[in-house]
Structures are given as C-alpha cells and as structure tokens.
Amino acid sequence: MRRKKFGCAAIILFLLFVCVSCQSDSGQTINLQAESDALQESVRVILLSHAEVESSTTHAMAVRFKERVEKLSGGNIYVDIFPDNSLGYYDACSTALRKNTLQMRIGPCESEIFTILAYPDLSGWSLEELSEALQDGPLREAVEEEQLSVGIRYLGCLPLAPAVLISKKKIENLNDLKDLRVRIMGTEMMSAFWRAVDAEPAIYSADEVYSVLQQNLADANAQNGINVIISRKLYESQKYVLNLNHMIYIEPVYISDIFFQSLSSEEQQWVTDALEETLKEEEELARQREEDNVDFLESQGIEFLDPSEELQNQIHERVEGALRQKAEDMFGKEHFEQLMEQVAAE
C-alpha cells in the first residue's frame, strides 16, 4: 500500500500546536491562519504520477528524483508520488497537467509524435538512434513544441527499451502468431499492428494484465519492456520472451507549464537539475540491470527466443501499411504526412 506523505501538513499542524497559546511582544495573539498560509505558500508541492507499480524501476527513479529535488531546494519543494496510474491513465493525466491539478507525470500522455515514434516499422527509427535524437536536436524540439502547445512541458525520458512479447506459446514463424490472443492497452495503433499479423488483440488495462495472463484470458503480452515484466511478475504464467522489434517502450517525463511558470528561476533550476542528474543515473543503472534481468528471468524458467530475419521481414511487410493506414485514419492524411516530415528517421 502506498504510504501517503503529508510532510507539509505535518509541519503546519506542528506549528499550530506549539503556537496556539503564544502571543507577540505587543501582547496580541499571533494570527495562526496567516502563519499557516505563509508556510504553505513557501513550500512548492509536486504531485507526481507514474504508470508502474511501487516495485518497479520507474518508481525507484521517481523516489530518487524526489530525494534530490527536496535536498536541492532545502525542503522548499515537496514531491508526493502516486504510482500505478492511481491518478488516472494517460488521457486523464494530460488534462490534469494542463490544468495544474497534477504537476508532473512519468509515462505516457497524449502525444501524436510519440504515437508514431513507438513503432519502428512506421517511423524508421532504431531504438539507439531514437534515444540519441530525443536528447537534443530537431526531434526533441518537435516533441517540446507539441506538448507546450497544450500547456505541458517535456523534460526528457527514461532510457528507452524494446517492448517484448512474453508468451505461453513458442513463436518461431508467422503462422505461430495466427489467432494468438495478445494483451494490449486499448490503442488503435497496437490493435492494427496485431491484426495485420492475424493475431487477436485482447484489450485490458495495465493493472489487469497479471490476472488476465494467470486466468488464460490472453496468451501473451506485447506492450512492455523487461523491467515491467519483472515488476508485475508476468513471468509467473508465461514461458517465452521474444523481441520482435515491434514497439519501443517510451516513458517521457512531463511537467505542467502552469506550475513550471509559477516557479522562480531558482526553483525551476532545482527541478531541472534534479531530474537531469536522476536520468543520467538511470541510464547507468539500466545498463547494469540488463544482464541481471535476463539472468533472473532465465532462473524463473523463461526461454529467450531470437526471431529469424525472415520472420522480422514478414512482420514488417504486413504491418507497415496497416500502421500507416491507421495513422492516416486517426490524424487525417495531410496531418499525418506533416507529422512524418517532423519525426520520421532520415
């Protein structure tokens, strides 16, 4: 169970308790409400939501960010973390960020650009190239402009990871995908991808995926990286992991522009410096975890499969056109072409 942190409230209540009978030098009772209001205004509270469970590497990263920014600010900034989409999924969080009822988010929000970038068969980016392009340059600028136009600031992203297929069934050729019940989130693009290879999309939310696989309501899960497979214990009911290069798992970090603009330049620097240091640290930790994660899953009886070049080519031939058509339907053909000019790999 998530432990709620009411550090600011505790300080205020303490002051109210110790000052309740105090008087000023002039003999007049201290205005406790004014003291309370002044303290609340001096502490900036960040409600931070993310999409993963408390045992995840995402949550650990959020905790490290919290510790850094609170230390840098000398307690002037306080971060309250809400894991596992407990404040809503990506669409609700996008609205909350725009309205400043949520200050920060790690994980998906509404983004046409990231919808395209998640699919290498559509964008043409490899994971390594995309990781570099999102650090600096025209692609990062495009992401920043897209989000800022709706009142959200893009601050960076966690290390990119391939979304892998974890399955009860051994996948060796295209025919093995036929009628495979693949659990996905309810995204049109992902549904189009799996239908193009004759699989059957099974739409369930992230918090349902463990029970869905346990109860045999789906044969596979296709929308998460290995870190999530471990933190959500999906390996307990599956047998095989296969990287089909079908999707890149992207966890952006966003902040409400209303909130960011309300900060002083010094407070803004505390937030951006703390996040930059935390993301750099996470890159190194991700490299260290990679081999450990494989070893752990193999110790749990998971077999890693290497897809043949023939299978990858067959999948690409089927899904590229299907993804393009779905994107044109979603965004309009003209707008989709404009997006591709902005974000497609050269």
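These legends describe close-up views of one predicted model.

**View 1. The whole chain at a glance.**
The chain holds 15 helices and 11 strands. Of its 346 residues, 48% are buried. Its accessible surface comes to about 17,100 Å². Carbon and sulfur atoms own 48% of that surface. Among contacts with a separation of 6 or more, 74% join residues 24 or more positions apart.

**View 2. An open sheet of 5 strands.**
The strand order is β2-β1-β3-β10-β4. The pairing is mixed. Strands of a sheet pair through backbone hydrogen bonds, either parallel or antiparallel. Which strands stand at the edges? They are β2 (77-82) and β4 (152-157). Each has a single partner strand, so one side of each is left without a neighbour in the sheet. From one strand to the next, the twist averages 20°.

**View 3. The pairing of β1 with β2.**
Strand β1 covers residues 44-50. Its pairing with β2 is parallel and runs over 6 bridges.

Helix α8 is made of residues 138-148. It lies across β4 and β10. Relative to β4, α8 runs at about 145°.

His59 sits in helix α3 (residues 57-72). Is His59 buried or exposed? His59 is buried, because its relative accessible area is 10% and the cut-off for buried is under 20%. What does the His59 side chain contact? It makes a polar contact with the side chain of His50, at 2.9 Å. Leaving aside residues up to four places away in sequence, His59 touches His50, Val53, Glu54, Ile81 and Pro83.

How many disulfides does the structure hold? The count is 0. Cys93 is in no disulfide. For Cys93, the nearest cysteine sulfur is that of Cys109, 5.7 Å away. Cys93 is buried, with a relative accessible area of 0%. Cys157 is also buried, with a value of 12%.

**View 4. Asp84, a residue with positive phi.**
Most residues other than glycine have a negative phi. Asp84 has a positive value, near 55°. Where is Asp84 found? It is in the loop between β2 and α4. With a relative accessible area of 29%, Asp84 is partly exposed.

**View 5. Lys233, another loop residue with positive phi.**
The phi of Lys233 is positive, near 60°. Lys233 is found in the loop between α11 (226-231) and β9 (240-249). The relative accessibility of Lys233 is 42%, so this residue counts as partly exposed.

Note on methods:
Residues are numbered from 1 along each chain as its sequence is written. This is a predicted model: local features need pLDDT of at least 70, side-chain atom pairs count only at pLDDT 80 or more; totals for chains, interfaces and linings use all residues. Side-chain values use heavy atoms; hydrogens and water are left out. Two strands pair if DSSP finds at least two bridges between them. Helices (H or I, at least four residues) and strands (E, at least two) are DSSP runs, numbered from the N terminus. Axes are lines fitted to C-alpha atoms, for helices over the stretch in contact, and angles run from 0 to 180 degrees between N-to-C directions. Contact means heavy atoms within 4.5 Å. Buried means under 20% relative accessible area, exposed over 50%, partly exposed in between (1.4 Å probe, protein chains only). Accessible areas come from the Shrake-Rupley method with a 1.4 Å probe; for residues, only the protein chains shown count as cover. A polar contact is a pair of N or O atoms within 3.5 Å; within protein, one must be able to donate a hydrogen and the other to accept it, and residues adjacent in sequence count only if both atoms are side-chain atoms. A disulfide is a pair of cysteine sulfur atoms within 2.5 Å.
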